[in-house]
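Me: Hi! Could you walk me through this model with me?

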Amino acid sequence: AKLEGGSRIIFFKAVMGETIKERYRIERELRHAITRNQLRMYVQPQWEGGCKPVGVEALIRWEHPQRGLILPGMFIPLAETSDLIVAVDRWMLDAVCRLLGRLERDQQLTRVSVNISPRHFQQPDFVEEVKRKLSLSGADPAQLVLEVTEGLVIGDFADVIAKMTELRAMGVHFSMDDFGTGYSSLAYLKRLPIHEIKIDKSFIQDITTNPNDAALVESIVAVAQHLHLQVVAEGVETPEQAAFLNRLGTIIHQGYLYGRPQPVEQWLEQISP
Ligand code: C2E
Ligand code: CA
Ligand code: CA
Ligand code: CA
């Protein structure tokens, strides 16, 4: 176990840009990871009002034959510097649509969320891709939640709106991820056809101990309610945090309090043994 930890540290340094040679190695290995079936879908539950499971967020993992299970923080940022992220995201979107196709008859779970990188969203055929994957899998578009970030808006704004509007018309939902960590989140709320904001875990962490964070989260929720947006709180770890959120309204909770990310097969067995 010690050795494995050691090699992970080397891997991490490389991702952080230690040497160009290392970056190339990881990019090459990641490309192979897709074709050699080393990517894994993990899921983390989302509970409405902290009391009723409504869905999951899909989170990627890389099961490396030598290095073990690698968290996305170790390879997604590097993948995002090139079109490699498009291939990774496409793999995940495919897996998510197939999961939704299988879940369709389950009444209890209404949604699966998936992270969409800006570069993926910006592909000219993004809307076509989503349509194709939904129809091939037989998934209900209304159960798909695409988690996007502010980074999206760096591109052609009119194009972003057009794509979101087209997908929204099919029933697909959009969630603004990492809300509050960017620069002009409030302005985007007004202009983008989104259904939901996801308050970043860095704000939830200290809501019960830091009055400033508490005030911020209260304000964000108030604004979202005025705009009729669903709110998801990420990183809920304690019953106290859950109680705080419940006082603000019907929020979807996600965090270790309800479950850690787990392999999708394991989760499927749990919900229908
Ligand atoms: P994110 O979208 O903000 O996802 C939430 C992260 O918080 C996840 O980390 C999750 O495991 C972690 N988390 C959830 N609940 C708790 C909690 O109660 N406490 C704490 N401390 N952490 C919690 P993870 O799985 O390591 O993912 C990291 C990031 O990688 C994600 O952040 C997302 O930006 C990115 N990512 C993951 N999967 C994909 C993917 O398929 N495509 C793309 N483009 N990005 C992905
Ligand atoms: Ca997310
Ligand atoms: Ca986040
Ligand atoms: Ca994110």
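**Calcium site and a helix**

Reply: Happy to. The calcium ion (ligand 4) is coordinated by Asp177 (OD) and Asp178 (OD), at 2.6 to 2.7 Å; donors are N, O and S atoms within 2.8 Å of the metal (3.2 Å for Na, K and Ca), and water is not among the atoms, so sites may look incomplete. This is a predicted model, where local features need pLDDT of at least 70 and side-chain atom pairs count only at pLDDT 80 or more, while totals for chains, interfaces and linings use all residues. Residues are numbered from 1 along each chain as written, chains are lettered from A and ligands numbered from 1 in the order written, and side-chain values use heavy atoms, without hydrogens and water.

Me: Which residue bridges two calcium ions?

Reply: Asp177, which joins ligand 4 to the calcium ion (ligand 2), and the two ions lie 4.0 Å apart.

Me: Is Asp177 buried or exposed?

Reply: Asp177 is buried, at 8% relative accessible area, whereas Asp178 is partly exposed at 30%. Buried means under 20%, exposed over 50%, partly exposed in between (1.4 Å probe, protein chains only).

Me: New topic: which residues of α6 are buried?

Reply: Phe126, Val127, Glu129, Val130, Lys133, Leu134 and Ser137. They fall within an arc of 165° seen down the axis, so they line one face of α6; the arc is taken from directions from the helix axis to the C-beta atoms.

Terms used:
Helices (H or I, at least four residues) and strands (E, at least two) are DSSP runs, numbered from the N terminus.
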